[in-house]
Amino acid sequence: MENNKGKGFTAKDILDQKINEASSSDDKDAFYVTDLGDVLQKHLRWLKALPRVTPFSAVKCNDSRAIGTGHDRASKTEIQLVQSGVPLERVIYTNSCKQVLQIKFAASSGVQMMTFDSEVEPLKVAWGHPKAKLVLGIATDYSKARGSFPGSEDVKLKFEEITSVINPTLDKHYPADSGVCIIAKPGRYYVASAFTLEVTIIDKKLVWREQTGSDDEEEASEQIFMYYVNNRVYGSFNCILYDDHAQVKPLLQKRPKPEEKYYSSSIWGPTCYGCLVEGCDVPEVHVSYWMLFENMDAYTVARASTFNGFQRPTIYYVMSRPVW
């Protein structure tokens with residue numbers, strides 16, 4: 001993972017810069033631009049909307065330690081990821097079905113907080129880590145229905161709408177003077193909108209589809225383009241397979257001209273790697289052209305594999321100018 005922090009730049013500045021650099025060479029690998037300013041703004045928004053709730057981000061959502069929240073870890077390997085440079089009081093072991101061996105590893109690593117949501121877990125923790133601090137896990141109606149707080153604005157139920165229900169409920173059942181410390185797993189909230197993925201078109205095919213019910217010969221068949229890009233469903237687009245919240249939508253590097261004709265198109269990974277987007281309307285573009293995908297990091301980076309030797313995209317970090 002490459003860490004390039006552009007001082008005073010916006011995410012779009014870095015995005016355009018990297019595309020221009022790659023366009024002048026043969027190196028057109030896919031890459032991410034990550035706006036840490038977006039993450040910071042999300043954190044400030046959280047502190048304002050949920051002042052009594054401490055967020056603990058899950059490594060499975062994003063394994064970058066650039067996120068300055070608590071750390072939600074579910075295994076020995078995930079605990080090892082945060083052993084250096086992270087205060088242990090900001091780490092919680094949240095696996096709901098923990099192995100005693102891993103409980104003992106958490107204890108030897110200095111991790112104190114652990115969750116439980118069944119009567120068996122405290123017994124295992126008492127055996128493997130008798131000095132642990134146990135945290136009761138409670139699933140809200142929202143988390144059962146939706147899975148997490150929304151990470152982008154293209155959703156029907158906004159973040160503040162959710163917190164407007166949570167806060168009075170907390171005040172009612174756990175008032176501020178009750179001594180209860182409340183934490184939450186923010187899910188996709190912090191990182192989804194911070195990551196933009198850039199890919200290049202590596203191949204294209206033109207397919208003619210017959211139109212029924214038309215007497216006009218020119219309208220009797222429709223041009224459909226199939227574009228192949230240098231990423232795949234087992235890479236950054238794994239959200240298509242695993243995440244029912246995924247809304248993958250391509251954007252073109254350059255804004256289309258008003259007079260440009262749009263064609264029904266589909267976007268695919270390399271051969272044998274599945275359809276990424278189906279039925280999108282875009283102007284005709286060519287091999288080596290860049291396509292952008294926003295809101296691309298809730299769980300995608302952590303789940304991406306190197307199956308068949310395909311490497312994960314480089315990540316470039318930038319701090320947005322408005323937060324300086």
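Guide: Let's start on the outside of helix H7: the face turned away from its buried side carries Val 165 and Lys 172, both exposed. Exposed here means over 50% relative accessible area, buried means under 20%, and partly exposed is anything in between, using a 1.4 Å probe and protein chains only. Helices (H or I, at least four residues) and strands (E, at least two) are DSSP runs, numbered from the N terminus. Before we go on, bear in mind that this is a predicted model: local features need pLDDT of at least 70, side-chain atom pairs count only at pLDDT 80 or more, and totals for chains, interfaces and linings use all residues. Residues are numbered from 1 along each chain as its sequence is written, and side-chain values use heavy atoms, with hydrogens and water left out.

Phe 159, Ile 162, Thr 163 and Leu 170 are the buried ones. They sit on the same side of H7, because the arc they cover around the axis is only 90 degrees, an arc being that of the directions from the helix axis to the C-beta atoms.

With 13 residues, H1 reaches 18 Å from its first C-alpha to its last, close to the 18 Å expected at 1.5 Å a residue. Its buried residues are Ala 11, Ile 14, Leu 15, Lys 18, Ile 19 and Ala 22. Seen down the axis of H1, these fall within an arc of 130 degrees, so they line one face of the helix. On the face turned away from that buried side you'll find Lys 12 and Asn 20, both exposed. What covers the buried residues of H1 includes strands S1, S8 (195-210), S13 and S14.

S1 covers residues 31-35 and holds Thr 34. S1 and S14 run parallel, joined by 5 bridges, and Phe 31 stands opposite Thr 314 in S14. Two strands count as paired if DSSP finds at least two bridges between them. S14 (residues 314-318) is mostly covered, with 4 of its 5 residues buried. Thr 34 is buried too, at a relative accessible area of 1%. Leaving out residues up to four places away in sequence, Thr 34 touches Ala 194, Phe 195, Ile 315, Tyr 316, Tyr 317 and Val 318, where contact means heavy atoms within 4.5 Å.

Next, the open sheet. It has 6 strands in the order S6-S5-S4-S3-S2-S7, with parallel pairing. The edges are S6 (133-136) and S7 (182-184), each pairing on one side only. Neighbouring strands here are turned by 35 degrees against each other on average, direction ignored; the axes are lines fitted to C-alpha atoms (for helices over the stretch in contact), and angles run from 0 to 180 degrees between N-to-C directions. S2 (residues 53-58) is joined to S7 by 3 bridges, running parallel, and the partner of Pro 55 in S7 is Ala 184. S2 is also joined to S3 (residues 70-73) by 3 bridges, again parallel, with Phe 56 opposite Gly 70. S2 is mostly covered: 5 of its 6 residues are buried.

Two loop residues deserve a glance. Most residues other than glycine have a negative phi. Ser 288 has a positive phi of about 85 degrees although it is not a glycine; it is found in the loop between S12 (275-283) and S13 (290-293), and is partly exposed at 36% relative accessible area. Asn 295 has a positive phi as well, near 55 degrees. Asn 295 is found in the loop between S13 and helix H9 (300-303) and, at 29% relative accessibility, counts as partly exposed.

Stepping back, the protein has 9 helices and 14 strands, and 42% of its 324 residues count as buried. Among contacts between residues at least 6 apart in sequence, 66% join residues at least 24 apart.

How values were computed. The expected span of a helix is 1.5 Å times one less than its number of residues.
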